[in-house]
Amino acid sequence: MSQTSRQPLSIGSGASVVVQHGREAVLRPGDFALYDTGSPYTLLFGNGIDATFFRIPRAALALPDTALRDAGAVRIGAGNPLAALTAGYLARLADDPAILGGPHRAAVAAPTVELIRAAVTVQLGDAHLSRDPLHGTLCARILADMRAHLADPALSPTSVAARLRITVRYLHRVLQRDGIRFGDWVRHRRLEGTRRSLVDPALATSTVGAVARRWGFTDPTHFSKAFRAAYGMTPRDWRALQHGGGAHTA
């Protein structure tokens with residue numbers, strides 16, 4: 001196997017088949033699989049398939065050649081505790097390719113690869129290989145859970161910690177190692193979400209309050225103050241400005 005080959009990862013909707021090393025993986029929504037471009041492989045797609053491929057350098061996965069071969073064309077899905085989380089996280093990246101191509105690319109790439117590595121090693125059932133990735137990707141898993149529940153008004157350190165089966169204190173400690181404060185992270189991303197939604201033509205008839213609620217804000221006054229503090233204008237002024245109506249902020 002070539003040391004410079006990459007490990008594409010396939011996710012999507014519909015049904016597809018990855019064939020390599022005498023194995024074939026039938027993938028359905030929520031599944032994914034690795035295959036090595038340095039070895040012969042076959043990809044088969046059914047009607048209506050919507051697949052996304054990620055190319056990952058072998059060196060980045062930091063797994064032995066035997067492990068990579070054993071993982072090739074193996075369906076990673078139900079039964080793997082990290083499969084749904086990893087597939088959902090990758091699907092979100094696929095929906096917003098600017099994340100991987102923008103200024104945050106380096107910050108996102110490392111935890112993304114670590115999460116994939118964790119899912120693969122857990123699939124292989126090697127306790128030695130999987131122990132470190134599970135620990136090392138905890139921050140990525142915490143952030144993925146926070147993204148998945150961003151619109152839930154009940155999102156809190158307690159709810160995230162409960163889903164990941166860790167203590168709230170440990171959750172804060174893990175985030176702080178990467179310079180992340182739970183409340184600041186959630187507030188910033190909710191505000192960014194409302195800022196985009198306020199100028200989304202599909203939501204043109206939704207009130208500002210309705211848009212705010214879509215992103216987990218339950219107090220209109222608090223939302224308006226937070227939005228103005230972050231962007232220097234009220235949500236209504238932002239919407240009017242983007243639609244050519246001008247702003248009238250006092």
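Predicted model: local features only at pLDDT ≥ 70, side-chain atom pairs only at ≥ 80, totals over all residues.
I take contact to mean heavy atoms within 4.5 Å. Beyond four places in sequence, Ala 144 touches Leu 85 and Tyr 89.

**Entry: Ala 144 and its helix**

Ala 144 sits in helix H7.

Next I went through the helix as a whole. How many of the eleven residues of H7 are buried? Nine are, so H7 is largely enclosed by the rest of the structure. I listed the buried ones: Leu 138, Cys 139, Ala 140, Arg 141, Ile 142, Leu 143, Ala 144, Asp 145 and Met 146. Arg 141 and Asp 145 are on that list, and both count as charged.

**Entry: overall numbers**

I stepped back to the whole chain. The protein has 250 residues, and 40% of them count as buried. I found 13 helices and six strands. Among contacts with a separation of 6 or more, 64% join residues 24 or more positions apart.

Then I checked confidence. The average pLDDT is 83, and 85% of the residues score at least 70. Residues 1-6 stay under 50. For that stretch the model still has 20 contacts beyond four places in sequence.

**Entry: the nonpolar cores**

In soluble globular proteins, nonpolar side chains tend to be buried together. I looked for such groups here. The largest nonpolar core has 30 residues. Which of them touch the most other members? They are Ile 142, Met 146, Val 160, Leu 171, Leu 175 and Phe 182. At least two residues of this core come from each of H7 (138-148), H8 (157-164), H9 (168-177), H10 (182-198), H11 (208-214) and H12 (220-231).

I followed Ile 142 further. Leaving out neighbours within four places, Ile 142 contacts Val 160, Leu 164, Ile 166, Leu 171, Val 174 and Leu 175. Another core lies apart from the largest one. This other core has 24 residues, including Ala 71, Leu 82, Ile 116 and Val 120.

**Entry: the second largest pocket**

I looked at the second largest pocket next. Its volume is about 240 Å³. Which residues line it? The lining consists of Phe 54, Arg 55, Ile 56, Leu 90, Leu 93, Leu 100, Arg 105, Ala 109, Thr 112, Val 113 and Ile 116. Strand S6 (50-57), helix H3 (83-95) and helix H5 (105-124) each give two or more of these residues. H5 supplies the largest share, five residues. By type, the lining has eight nonpolar residues, one polar and two charged.

Val 18 lies in strand S2, residues 16-20. Val 18 is buried, with a relative accessible area of 2%. Beyond four places in sequence, Val 18 touches Arg 23, Glu 24, Ala 25, Leu 27, Tyr 35, Thr 42, Leu 43 and Ala 73. I took the C-alpha distance to Thr 42, 24 residues away in sequence, as 6.0 Å.

I then checked backbone angles. Most residues other than glycine have a negative phi. His 21 has a positive phi of about 55°. His 21 is in the loop between S2 and strand S3 (23-27). His 21 is partly exposed, at 21% relative accessible area.

Ala 73, a contact of Val 18, also has a positive phi, near 55°. Ala 73 sits in the loop between helix H2 (65-71) and H3. Is Ala 73 buried or exposed? Ala 73 is buried, at 3%.

**Entry: Trp 215**

Last, I looked up Trp 215, in the loop between H11 and H12. Trp 215 has 18% relative accessibility and counts as buried, because the cut-off is under 20%. Not counting residues up to four places away, Trp 215 touches Leu 150, Ala 151, Arg 189, Arg 190, Gly 193, Thr 194, Arg 196 and Ser 197. I noted Gly 193 in particular: 22 residues from Trp 215 in sequence, and 6.7 Å away, C-alpha to C-alpha.

Definitions and conventions. Residues numbered from 1 in each chain as written. Heavy atoms only, no water. 1 Å grid on protein atoms, 1.4 Å probe; cavity = no way out; pocket = protein on both sides within 12 Å on 5 of 7 lines; lining within 4 Å. Points joined across faces, edges and corners; volume = space filled by probe spheres on them. Helix = DSSP H or I, 4+ residues; strand = E, 2+ residues; numbered from the N terminus. Core = buried A, V, L, I, M, F, W, Y, C linked by side-chain atoms within 4.5 Å. Buried < 20%, exposed > 50% of the residue type's maximum accessible area, 1.4 Å probe, protein only. pLDDT = per-residue confidence, 0-100.
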